[in-house]
Each structure stands twice: as structure tokens, then as C-alpha cells.
Amino acid sequence: MRFSLIFNKQKLYTTILLACTLATVVSVSIYHSLLIVLFLLLVCFISISNKKIFYFMFSSMIILQIYPAGESVTLAVLMYLVFAIYYIYRDSTIFNNKILHLYIFYILTLCLSLLYSINMEFGLTYIFYVFVGLLAIIVGLGLKNIRYEYIDIILKGIAIITIPISIINIIFFLYPESEIIFLKSEIAGWLMHPGTVNGLFEGSPNNILDPTKAGTVFVNTNVAAVFFNILYWIGLSIYLANKNKIYLFISLLHLSAMLTTNSRAGILSLVLSSVIVFLIFSKRNLKTLSCFIFGIPIFVIGIIWVLMLGDFSNILDRLSVNTIENDPRMSLWSSIPIIVDNYILGLGFGGWEQFHNMPAHNIFLIIWLQSGLLGLFAILLLFIYILKESYRGIRKQYINIIVFASTIIVLIQGSFDNYFLNNLRISLLYFLLVGLIFSSRGPSNKQKSSSQ
């Protein structure tokens, strides 16, 4: 008897959901985990066939990243797991996509470095967060292959649902004491990793307590800058595609939130990503589009610096030659040739931490130190492929503009910051966007999305 006769689709979906529920209950050892997971899976199951629920649930879960009862696994990760299983079942050709091959190759290089790592627990935790990015790509591929019309819905949902976070970040910048109150509240324990929240006021490294910076749901304001920069490109790209002025306002709001992080690397990545996209479009004399993409960030930054120079003078001071020369990053980077005795394999997980109590503030150095030249080659190959494919479609679909600019931001800011791609908000958002530009089938790249 054929498999399809034994298990109809409804029974198969139910079996998958129950299996996920059982696995989650076992792994998340809290007394009310069963109720939380059952509720989540029920919503996922309903949203599979309901566009309205999908719109609100999927977009909001990505942004909120709720940590149930102090656990380190968010509901959004569980949601991605359910959808990844569902889309793999619906379309087995997903794994024929080269982007997944490159990402799995990257994960394998990290697993290989476990063989000579000092801190195995740290390595396994690190690989788990990298694996979450794989789930996000699979969900993005599944959405584009099976429900292509949802791409526009998801992007608009993310742009709109993140408005409160951007507004709150600006408020926290203007009134730093309100941010301290938030960080000490119970709400912060649900929206931020409980371990980092508990260590905020106990001397653990962070910069969110700096009164000249604001990070809302991020302990590190540089990570917040990456997040708001990506949101800015989402809002601006939607506006350029649809000419709806509300999204121009939304993009400027997210841009303002990024500026309140007071991140030097954030401003640098914003400006350079804008310049690069400007140069790409100016080659075809698309002056109007170029002016919007290139002019808006520069204009807004200029206005804010003129009107509120006192609040932003901190950035100017930290951009001085003397400050850069005395930056702790310089001493960290200069110590690497002395510490590393194996340039091919690196130090493995935990090796660098034997000498320094902070990461190397460069995601490429971090990967090289942990998994050697093979890991560095894998991550560079991944980013080069993403840039290449998003560039090819940059004039055809606005999602490609978002991914191309976001990847530039990741590369530039990643040259000065820690491995922020392991932050769940950044990882699930960025790699979902990456998955959305790749497809083994579905509408041609020459076809515009339904909203354009």
C-alpha cells in the first residue's frame, strides 16, 4: 500500500507537531513548558492555512523573541523548527539549494573544531545558535517556494511591528534612567536572554548602561545598531518599491533608532552600504532612486548632528585619531600573532578566552580563532555567495536590495564587533531574508512581487 494511503496530510502534520512537542518538553525542563509549547504549536498549525494569523504571529514572534520562564530557547526558535519541518516535508528539493550546502559546510567546520577545543560546552552552545540560522534559511526557502505571496506580507509586518522598539530606543536615549528601570523589570527577563540580563548589574561586559547609548532589548548597543540598520533597509526598500510614504517614515524612524545606539561601526556600515547601493544604481542613471538611497541617511545624520550635537558629540570624540589608537580592539588584535601558534587550526572553542576575557571584536577573527582557516573560508564563501546572488536580482525585486545592503552591514560592522550573528533576533531575521531570495522553483526573478 502506498505511503500516501496510510498517512494523509492531516495525520502527517499532526504527527510532526506532536513529535516536536514531545522533543521540546523533554529539552525544556520547566513545569509549564507543555502548555507553552502546545499553545505555540497550535498557533503554528492554524497559521499554516490562515494568512491573517500568519501575518501577525510570524512577524511578531521574530521580533519579540520571548524567553519563556527564564529559559534560553525562545518561542520563535520553536516556531522556526515547526515551519522548517513542515516546509521540508512539502518540498524535498529545498536541500538542493546551494545556499544550504554552504551553510551546512560552515556548521561542519565548527563541529570539526570541537575535536581540539578546550571548552566543549561553549562550542556546542555556539553551534546551536549557528544551527538556528540554518532553520531560518530553510523557512525562508519554504516561504518563497510554497507561499511566494507571503514575502511582501512578512517584510511589511516586520517593518511595522518593530516600530514600538525603535520608538522606545529613542526614548531610552533621551531618558537614560528609563532604560535602567526597564532592564531591572520582569519584562526584560522575557524579552532578553535571562543570563545576560542577570549579569548586567554584576559587572559583566556590556555597554547598554552607558547613558549616551540605548539598546532596548539588546545588551550590546552595537548589536542593536545592526538590527536597526537592517530594519531601515527593509522600510526604505518597501517604500522604493511601492511608493507608500508611510514606509519612508518608518525607515527614517528605524534610522533614528540606529543613531541613538551611538555606534561608530553602525554609522560607518550605514553610510558605506548606502554609498555602495548608490553606485550600483547610478550606473543605470536611476537618479531618483539613487538620491533616496544615498541622500536620506546623510541628510538625517547631518540634521541630527546640527540640532543635537551635544548628545552625539560622544561619537565625534570616539572618531578622533587618538581615541582609535587607544581603542582596546587595537591591543586585542595586536596580541593575536603572539598567542596563536597554529594559524591553520586556530585555538578551538575556549582557546582565545584563556588569554582574554572578551572576544576579538571581529567576527572573522573570532571564526578563525575558533575553527581555523577552514571555518574562515566557509563563512567568507557563504557571504560572497549571498552578495553575488542578491546583487544579480537587485534591480528586479526589492528583497534583494534588503539582503545585499544587510550583508554589507554585517561585513562592515562585523569587522569591529563580536559575533552578533548568534543573537537570535539578528540571526532569525537576517537569515530569513537570505532564504527569501533563493528558490529552486516558484515565480521568476523577473516577476515582481504582488505588491509592486
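Which side chain meets Asp152 in a salt bridge? It is that of Lys156, with 3.1 Å from N to O. A salt bridge here is a side-chain nitrogen of Lys or Arg within 4 Å of a carboxyl oxygen of Asp or Glu.

Before going on, the conditions. This is a predicted model, where local features need pLDDT of at least 70, side-chain atom pairs count only at pLDDT 80 or more, and totals for chains, interfaces and linings use all residues. Residues are numbered from 1 along each chain as its sequence is written, and side-chain values use heavy atoms, with hydrogens and water left out.

Back to that pair. Asp152 and Lys156 both sit in helix α8, residues 150–161, four residues apart, about one turn of the helix. Helices are DSSP runs (H or I, at least four residues), numbered from the N terminus. Asp152 is buried, at a relative accessible area of 7%. Buried means under 20% relative accessible area, exposed over 50%, and partly exposed in between, with a 1.4 Å probe and protein chains only.

How many salt bridges does a search of the whole structure find? Two. Besides the one in α8, Arg392 and Glu389 meet at 3.3 Å, N to O. These residues are three apart in helix α20, residues 363–392, so about one helical turn separates them. Arg392 is exposed at 56%, whereas Glu389 counts as buried at 18%. As background, side chains of opposite charge can pair when their charged atoms come close.

Next, the aromatic rings. Rings of Phe, Tyr and Trp (its six-membered ring) pair if their centres lie within 6.5 Å; planes under 30 degrees apart count as stacked, over 60 as edge-to-face, and the rest as tilted. By that rule there are 17 aromatic pairs. One of them is Phe172 with Phe182, tilted, 5.6 Å centre to centre and 35° between the planes. Phe172 belongs to helix α9 (residues 163–174) and Phe182 to helix α10 (residues 176–183), so the pair ties together parts ten residues apart in sequence. Phe172 is buried at 8%, and Phe182 is buried at 14%.

Tyr430 and Phe431 also pair, edge-to-face, with 5.0 Å between centres and 70° between planes. Tyr430 is buried at 1% and Phe431 is buried at 2%. Together with Tyr103 and Tyr106, Tyr430 and Phe431 form one aromatic cluster.

Last, a charge over a ring: Arg425 lies over the face of Phe218, 5.8 Å from the ring centre. The criterion is NZ of Lys or CZ of Arg within 6 Å of the ring centre and within 35 degrees of the ring normal.

Methods:
Helix = DSSP H or I, 4+ residues; strand = E, 2+ residues; numbered from the N terminus.
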